[in-house]
Amino acid sequence: MEVPRRPQPSSFTLALPKPASSALSPLGAVKKVTKKDLMKEKLQEEDGTTESKDFGEEMFSTEEESDVSVFVEPPDEIPELADSNASTVSSRLSSQDSFTEESSISEERLAQEAEEAKKKSEEEEAAAKEREAQRQQLAIEELVQSERNYLRLLQVSTVTIRSNLQKLQPPLANLDSMFLYIEEVIDVSSRLLSLLDQKQVQPGDPLFLETLCDSFLSLSADIEAAYKEYLANYNSVTVVENSYKQKEGLWNEIVRVIKASAPEVNATSLSFFLVMPVQRIARYPLLLQTIQKHTDRAHPAYALLEQTAHTSIALNCRINEYKRFREVADKYKKTETLTIKDKINRLNSHSIAKKTARLSQQIKHETGIAPKLVDEEFDALEGFFYVLEHGILELLENVETYLHHLQGFLACKTEEFDFDMDGEKAPICYKEITTALRQWILPTFDKRMRTLIHKPLCALRDLLVGPRNLIRKRLDKLLDYEVIEAKSNLSYEEQAVANTYRTINTLLLNELPRFNGIALQMIWSMLGTFSCLHKDLASDMEQLFQSFAQQLPHSSLSHGVFWEWAESAVLDGAKRLETLCRSVEDTLNAPVVQPLSPSSQRRLKQLTDKHGSGKIYQVIGTIVGTRDLDLSLAKGELVAIISEADSRGDKRRWLVDAGGRRGYVPSAKLIRYHQPAEDPPPSPHLNLPEGMTEIRRHSYTPESRPLTVMSQPCFQVLAAYDFTARGNHEVSVRAGEQVRVLEHHDKRGNPEWSLVQVKGGQRGYVPSNYLAIMPMGMGPPGCYPPY
């Protein structure tokens, strides 16, 4: 039977009417399509090779063609074509059975190939996991081994190299400051390795990663504390090393020592070793992140490893922030000593504008024009700091005064004087006790006081400078910050000003409480030490006195009787000492006797006649007027008191009459002028015969009283001994020289000195017991004793 040819695509452009019946029912066509789709889904699930897919596509294309031929049914007008289609359908049904057999064979082959691909992917996945595990182990070993090498090199630098450099002559300046805080870094690194070694777990063991993370997290606070101080001080390390490099001979010697101390490293500078902590702390996050990268998320220590990596990153951020704070603090806490010329040279338009803006802002605060930013927390810290500063300075001043008095007591070595009391037990015991006190007990006490109290107080006083300068600088930056605070858009310079203020403010809020607490703790500790030192001093003195107790005269007295005797003895001695001091003071303060000038004599007479003798005062020191209505007077001038207070009631300024001029003078510069008494008490050394009068003169006036007619024998006063004047208020006399006695006492009424006039007319004081009265023959009435 002839198979009709396949119609061309153009024949499908028009819709053909569907016949009422056809050789193949539509249900059969639907069943074929469904089977074909199931075969396609099965092939997709089995994930076959490219060849199988191509094969399936070819089969599907064939089936599509056949389906097209099946679905396209002939119209009723062409019966011949319908018969041929019916025969074609029957032939296609027979070929479908052969296709089913071939499909089952291809399915088995595709399943086998899919199994092989799955097995291959599992092998590749296992190999990738093995590679990741090896990389993880290598990263862990790198962290541990590099930590051991790092610790070894630090120990070489601090032990071997440092000890060899200390042997150089002359000694290197500031060498110890280069190794500051490195001991803490070495300690925390050795503790980390020690924790890893204590667990006795090898890097290949799965538990090693957990041990490493636990050890790092437990030491994270110590690592931060050690490294942040070292990194903050690293700039000073470079400064010191650069100072060494400026001296070529010295630097060559340092390099020679470094190479000889560590030949395996081939280092040529100290910074090769001292920069290692700076690099190491930054490598921890990188090494931990590398380990995390090659660790499976299903690993039991993965969460702990992730936390450790985040901790290392946060640790570095805090260290960098602390270093930035320290740099700002070091910049502003320095105290510069500038001359006026240096300050003038620093003036420019920018600095003048900045200071003007600060002054304007401060004036606005004082006048209430602009509100002031108030930080109650900082104000409380600042107030407590100033209280501490005042207390520290007061305590230091008191300690220095105490040590000064102690040195004065030690310098007065009374035991070295001869008391002419040989053979008496009390002076011998006193001498031995005071010798022991001055040579052993008190010097030891003085040394401990200076070491344990005075020196720490001086160091604490020096530490106050930095916070004080930062507080002052914060005030300046606060004024700058208030000016730009209201602006929405800030320039680069204004942003820098704002950042500087915030940094200083944050630094003070964080560090000032710690400083206040440590300073207060030191003060309490030093006060306790002061008490302990005195307790030890009392114990030493008690032990010393007990060895001499039996030799002292009052050792047999009971406890109560002894203390009564001691108290009465001390009080009696104090009274005698007070009397002696007052006598010495009166003697030393005796005024210099000088004759009044004629103008002063006239002023004295004028003031006495006008105001009376009780109002006359003498100026004891030069007075320079500083206000309106103040007088300027010379020492020794005489004035009369008009009022003992000024117009405001101030009794420190008196209104006086200076002989025509009136004004105010300080009352402390005036002393009462004593007029001579009519009948002064006779001198115990110069007793004149009864009925005999003498010519008397006051120390401040040359006027003589009227002479009295004498009917008694005349006497003359002679110097019994030679006397040499020791000052302007005394006069020199020779033995046998005749003198004229003007007063039997000094100005304060002391009869041990007499005011005399010698032959040349010079006046002055001589000791009364150096004078003698000798009778001479009868003289005419009213005669003067001869010279």
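This is a predicted model: local features need pLDDT of at least 70, side-chain atom pairs count only at pLDDT 80 or more; totals for chains, interfaces and linings use all residues.
Strands of a sheet pair through backbone hydrogen bonds, either parallel or antiparallel. In this model, five strands form an open sheet in the order β4-β3-β2-β1-β5, and their pairing is antiparallel. The edges are taken by β4 (662-666) and β5; each has a single partner strand, so one side of each is left without a neighbour in the sheet. On average, and with direction ignored, neighbouring strands of this sheet are turned by 50° against each other.

Strand β1 (residues 616-619) may now be followed in detail. It is joined to strand β2 (residues 638-643) by three bridges, and the two run antiparallel. Within this pairing, Ile616 stands opposite Ala640 of β2, while Gln618 faces Leu638 of β2. Strand β1 also pairs with strand β5 (residues 670-672), again in the antiparallel sense and over three bridges. Here the bridge partner of Gln618 is Ile671.

Helix α19 (residues 598-611) lies across β1, β2, β3 (653-657) and β4, and it runs at about 25° to β2.

Attention now turns to the packing of helices. Two packed helices are described by the angle between their axes and the distance between the axes. For helix α11 (residues 302-332) and helix α17 (residues 492-546), the axes come within 10 Å and cross at roughly 100°. Angles of 65 to 115 degrees count as roughly perpendicular, and α11 and α17 are therefore roughly perpendicular to each other. On the side of α11, the contact is made by Tyr322, Arg324, Phe325, Val328, Ala329 and Tyr332, and on the side of α17 by Thr500, Thr503, Ile504, Thr506, Leu507, Asn510 and Glu511. Sorted by class, this contact has seven nonpolar, four polar and two charged residues.

Helix α11 also holds Asn316. This residue counts as buried because its relative accessibility is 14%, and buried means under 20%. Apart from residues up to four places away in sequence, Asn316 touches Ile281, Ala282 and Pro285.

The nonpolar cores come next. The largest has 61 residues, and those with the most contacts inside it are Leu165, Tyr227, Phe273 and Leu274. Helix α3 (residues 79-166) gives the most to this core, with 11 residues. Leaving aside neighbours within four places in sequence, Leu274 is in contact with Met178, Phe179, Ile182, Tyr230, Tyr234 and Val237. A second, separate core has 42 residues, among them Leu396, Ile433, Cys458 and Leu470.

Some backbone details remain. Most residues other than glycine have a negative phi, and most peptide bonds are trans. Gln169 and Pro170, however, are joined by a cis peptide bond with an omega of about -5°. Pro170 is found in the loop between α3 and α4 (175-178), and Asn174 lies in that loop as well. Asn174 has a positive phi of about 60° although it is not a glycine, and it is exposed, with a relative accessible area of 52%. Asn266 also has a positive phi, near 60°. Asn266 is located in the loop between α8 (248-261) and α9 (271-274), and it is exposed, with a relative accessible area of 62%.

Note on methods: Residues are numbered from 1 along each chain as its sequence is written. Side-chain values use heavy atoms; hydrogens and water are left out. Axes are lines fitted to C-alpha atoms, for helices over the stretch in contact, and angles run from 0 to 180 degrees between N-to-C directions. Helices (H or I, at least four residues) and strands (E, at least two) are DSSP runs, numbered from the N terminus. Angles under 35 degrees count as roughly parallel, over 145 as roughly antiparallel, 65 to 115 as roughly perpendicular and the rest as oblique. Contact means heavy atoms within 4.5 Å. Ala, Val, Leu, Ile, Met, Phe, Trp, Tyr, Cys and Pro count as nonpolar, Asp, Glu, Lys and Arg as charged, and the others, Gly among them, as polar. Buried means under 20% relative accessible area, exposed over 50%, partly exposed in between (1.4 Å probe, protein chains only). Two strands pair if DSSP finds at least two bridges between them. A nonpolar core is a set of buried Ala, Val, Leu, Ile, Met, Phe, Trp, Tyr and Cys residues joined through side-chain atoms within 4.5 Å.
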